[in-house]
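Please look at the sequence and the structure below, and keep both in view while reading the report that follows.

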Amino acid sequence: MNVYADEQHASTSSALPRPHRRPRRVAMLSVHTSPLHQPGTGDAGGMNVYILELAQRLAAIGIEVEIFTRATTAALPPTVELVPGVLVRHIDAGPYEGLAKEDLPTQLCAFTHGVMRTWAGHRPGHYDLVHSHYWLSGHVGRLTARRWGVPLVHTMHTMAKVKNANLAEGDTPEPAARVVGESRIVAAADRLIANTRKEAGELVRHYDADSGRVGVVHPGVDLERFRPDPSGVEAGRPAARARLGLPQDALIPLFVGRIQPLKAPDVLLFAVARLLEERPWLRERITVPVVGGPSGSGLAKPDGLQKLAAQLGIGDVVRFRPPVGHAQLADWYRAASVLVMPSHSESFGLVAVEAQACGTPVIAAEVGGLPVAVRDGTSGLLVPGHDPVDYARALGAFADDPALSVRMGEAAARHARTFGWDTAAAATADVYAEAMRERRTPSS
Ligand code: UDP
């Protein structure tokens with residue numbers, strides 16, 4: 001396992017021997033979701049942000065990126081230049097609308113054909129590396145990298161075996177076909193990129209990955225966009241609350257993300273109900289914003305979570321808001337007393353780092369990458385398990401000591417500054433260079 005941005009800090013990469021040749025142009029595959037989509041609803045989330053940020057930072061260090069994604073509207077042209085050096089290519093594969101993610105495997109042939117056609121229109125050697133994201137793209141990556149005779153780098157983002165081991169009650173398990181598909185991709189990839197050492201270990205343990213071919217690169221955060229108000233964490237909060245129409249003198253536990261069982265927004269609602277049972281005086285002084293849209297089934301049914309809030313008798317304190325762009329999201333983070341992320345599984349949890357970068361502490365489940373994203377007891381509180389009682393206790397600490405939010409928020413902003421996309425891109429470029437040096441993919 002090669003650690004490029006380890007749990008201590010990204011700068012460890014400088015201690016490693018510098019791999020040599022970097023690719024000039026990368027074909028980046030994101031079949032099921034486009035970096036142009038608004039994250040926070042449906043299939044668009046952290047992976048979209050990851051690809052968008054990474055591609056732009058790679059371009060800035062001289063690696064051109066072409067992102068291939070499935071066309072889901074006729075309104076966009078076949079290619080869109082995001083910034084110089086980053087092109088989004090829309091590939092026709094299946095109907096624009098009404099195709100569920102579960103049905104996408106049926107369109108992978110068409111997608112691969114579209115990518116191949118694009119490649120055939122260029123001079124040989126146009127792409128010197130393929131970087132696929134998520135297992136659906138990994139399948140396309142295996143075929144294209146082999147055909148082009150270039151290395152394949154793959155990032156899982158989530159793994160079926162890990163997800164299935166951490167399902168929320170009533171959630172649908174990932175199908176066996178995905179597990180088989182992921183195993184094949186792991187076997188074929190020249191390099192795998194994991195978000196954390198833990199994820200690297202899971203790749204080795206569950207998918208038999210060769211640890212020498214797994215690089216650990218922490219995702220980043222846009223530190224220009226997500227930062228505390230220039231007047232400071234404490235002084236900036238009233239202005240952010242005023243801009244969003246939120247009460248000044250209230251405990252504001254915030255949820256941001258896709259409304260799906262895996263993210264466990266229901267655990268937050270149960271915890272808030274419990275908190276109010278224990279501290280009835282808080283009812284007039286608490287607002288719980290839930291920012292994000294439905295994704296998948298169950299809780300995601302348009303009114304699933306609203307119904308639960310009403311049943312718990314907290315309908316009056318919970319405010320549901322549709323997904324917003326990053327500029328406004330930064331204000332939601334700055335306005336909150338604490339971000340709550342009770343997820344059942346989380347490969348990293350970008351939202352946790354974004355909130356901290358804005359000077360907001362995080363209460364997070366001790367799962368996946370969250371113990372890396374959050375420094376327990378310093379920048380937030382990690383909670384083992386998903387018992388609402390434990391989350392209510394953590395929320396109680398913020399309710400009883402309003403200064404805790406500012407104290408931890410300041411530490412959180414410092415902690416978040418160790419996660420930058422520039423560092424992530426440089427580390428990714430090092431993984432690319434290694435893959436090029438030790439390419440396993442035979443050309444055909
Ligand atoms: N997000 C957003 N607007 C919203 C809600 C979420 O832009 O209203 C973004 C958020 O900023 C983050 C991403 O969606 O970058 C979610 O990433 P995370 O890793 O937290 O979760 P994932 O969606 O990958 O499960």
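## Binding-site positions from the record

UniProt, in an unreviewed entry, places the feature "binding site" at Gln38, Pro39, Gly46, Arg258, Lys263, Val324, Glu346 and Glu354; the positions are given in the numbering used here, feature names are shortened, and annotations may be inferred rather than shown by experiment. Residues are numbered from 1 along each chain as its sequence is written. The model is predicted, and for that reason local features need pLDDT of at least 70 and side-chain atom pairs count only at pLDDT 80 or more, while totals for chains, interfaces and linings use all residues.

## Two of these positions

Lys263 is placed in the loop between strand 10 (253–256) and helix 8 (265–278), where helices (H or I, at least four residues) and strands (E, at least two) are DSSP runs numbered from the N terminus. Lys263 counts as buried because it has 29 C-beta neighbours inside 10 Å; a residue is buried if 20 or more other C-beta atoms lie within 10 Å of its own, exposed if 12 or fewer, and partly exposed in between, with C-beta atoms placed from the backbone. Leaving aside residues up to four places away in sequence, Lys263 touches Gly257, Arg258 and Ser343, contact meaning that the C-beta atoms of two residues, placed from the backbone, lie within 7 Å.

Glu346 lies in the loop between strand 13 (338–341) and helix 11, and is buried, with 26 other C-beta atoms within 10 Å. Not counting residues up to four places away in sequence, Glu346 touches Val367, Gly368, Gly369 and Leu370.

## The shell around the ligand

Of the 20 residues around the ligand, Pro39, Gly40, Gly45, Gly46 and Pro323 come nearest; a residue is near a molecule or strand if its C-beta atom, placed from the backbone, lies within 6 Å of it. Helix 1 (46–60), helix 10 (326–335) and helix 11 (350–357) each supply at least two residues of this shell.

Why does the ligand lie between domain 1 and domain 2? Domain 1 (2–220 + 421–437) and domain 2 (233–416) both give residues to the shell, so the ligand lies between them; the domain bounds come from an automatic or database domain assignment.

## The whole chain

The protein chain contains 15 helices and 15 strands, and buried residues make up 53% of its 444 residues. Along its principal axes, the C-alpha trace of the protein chain spans about 70 × 45 × 40 Å.
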